[in-house]
Amino acid sequence: MLSTIADYTRLTKDLGKSMTQVATQPDVSRETDYFLSHIGNVKTIDDFLKDYRLYTYAMKAYGLSDMTYAKAFMRKVLTEGVSNKDAFANKLTDARYREFATAFNFAALGDKATQTTAATTGTATQYVTQTMEQKAGDQNEGLRLALYFTRKASTITNAYQILADKALTQVVQTAMGWSSTISSSDIDAQAKMITDKIDLTDFQDPTKVTKFMQRFAAMWDATQAQSDNSTNPALVLIGGAATSASLDTDMLTKLQSIRFGK
């Protein structure tokens, strides 16, 4: 039985406890201890990139693991920093690069860049959060998406920020019952569709974010259940086409109770 709502509620009810459980896992604890005890010795961008263990930890912390190989790219991000509006990181659509360059601000702080809270405990907290979301995703991709959206929600101020992030886009489309095929339409039309249906200021309110995640989770589980039914020959034979063509009454009732939007 799918239980994205139950799992999301369990993890977020006491997020501090959930984070601690992840942080104390042997593999996470070992890598975090290494990072915190060695990052202060890094004085230059070269030092940073040469210590693969430190570098990969930091990249994962900011959700950039898939770009770990691109050292020349990341060197440019770090070298130019974020102070100048024309800096490389500021021109990139993906805000994660700006977050990374801000945390490890060699451009502005030089050899003191790794002494800041953002570079040390801030990065360690980010790493634990990323790990928690990743482990959740190993069991339930919908849960990973819900946790990620919850973490990013307060930073959302316009529809284009959502559309620039595939995970945020998937959450919004799923929660609102929109087909993913709309992603191929005009970007401005997509942005208008979002702002017409969602008051983005609601994402500054944790209670409203939770309600939105409940709706997403219900829709996610319903979609997954439909997919499972439609691909199971026995269920198709027993239930007929109607089984996979529409949501059941219980699910429709649940969605009615957690409406979100304008």
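Residues are numbered from 1 along each chain as its sequence is written, and side-chain values use heavy atoms, with hydrogens and water left out. Because the model is predicted, local features need pLDDT of at least 70 and side-chain atom pairs count only at pLDDT 80 or more, while totals for chains, interfaces and linings use all residues.

## The chain as a whole

Let's start with the overall picture. The chain has 18 helices and zero strands; here helices (H or I, at least four residues) and strands (E, at least two) are DSSP runs, numbered from the N terminus. Contact means heavy atoms within 4.5 Å. Among contacts between residues at least 6 apart in sequence, 60% join residues at least 24 apart.

Over residues 231-249 pLDDT stays under 50, and the model has 13 contacts beyond four places in sequence for them. Residues 251-256 also stay under 50 in pLDDT, with nine such contacts beyond four places in sequence.

Two packed helices are described by the angle between their axes and the distance between the axes. Axes are lines fitted to C-alpha atoms, for helices over the stretch in contact, and angles run from 0 to 180 degrees between N-to-C directions.

| Helix pair | Angle | Axis distance |
|---|---|---|
| H3 (residues 26-38) and H10 (residues 121-139) | about 160° | 10 Å |
| H11 (residues 141-152) and H13 (residues 166-176) | about 105° | 10 Å |
| H1 and H11 | about 45° | 9 Å |

To put words to those angles, under 35 degrees counts as roughly parallel, over 145 as roughly antiparallel, 65 to 115 as roughly perpendicular and the rest as oblique.

With an angle of about 160°, H3 is roughly antiparallel to H10. H3 passes H10 in a right-handed crossing; a crossing is right-handed if the near helix is turned clockwise from the far one by less than a right angle, and left-handed if anticlockwise. On the H3 side, Asp27, Val28, Glu31, Thr32, Phe35 and Leu36 meet Thr121, Thr123, Ala124, Tyr127, Val128, Thr131 and Lys135 of H10. By class, this contact of H3 with H10 has six nonpolar, four polar and three charged residues, where Ala, Val, Leu, Ile, Met, Phe, Trp, Tyr, Cys and Pro count as nonpolar, Asp, Glu, Lys and Arg as charged, and the others, Gly among them, as polar.

For H11 and H13, the angle of about 105° makes H11 roughly perpendicular to H13. Leu145, Tyr148, Phe149 and Lys152 of H11 make the contact with Ala167, Leu168, Gln170, Val171 and Val172 of H13. Seven of the residues in the contact of H11 with H13 are nonpolar, one is polar and one is charged.

H11 also packs against H1, at about 45°, which makes H1 oblique to H11. H1 passes H11 in a right-handed crossing. Here Thr4, Asp7, Tyr8, Leu11 and Thr12 of H1 meet Gly142, Leu143, Ala146, Leu147 and Thr150 of H11. The contact of H1 with H11 divides into five nonpolar, four polar and one charged residue.

## Four residues up close

Gly142 lies in H11 and is buried, with a relative accessible area of 0%. Not counting residues up to four places away in sequence, Gly142 touches Thr4, Phe216 and Trp220. Gly142 and Thr4 are 138 residues apart in sequence, yet 6.6 Å apart in space, C-alpha to C-alpha.

Is Ala6 buried or partly exposed? Ala6, found in helix H1 (residues 4-13), counts as partly exposed at 46% relative accessibility. Ala6 and Ala217 are 211 residues apart in sequence and 9.1 Å apart in space, C-alpha to C-alpha.

Thr169 lies in H13 and counts as buried at 9% relative accessibility. Leaving aside neighbours within four places in sequence, Thr169 is in contact with Ile162, Leu163 and Ser183.

Finally, Thr68 sits in the loop between helix H5 (52-61) and H6. Thr68 counts as buried at 10% relative accessibility, and beyond residues up to four places away in sequence, Thr68 touches Tyr52, Tyr55, Thr56 and Met59.

Definitions and conventions
pLDDT = per-residue confidence, 0-100. Buried < 20%, exposed > 50% of the residue type's maximum accessible area, 1.4 Å probe, protein only.
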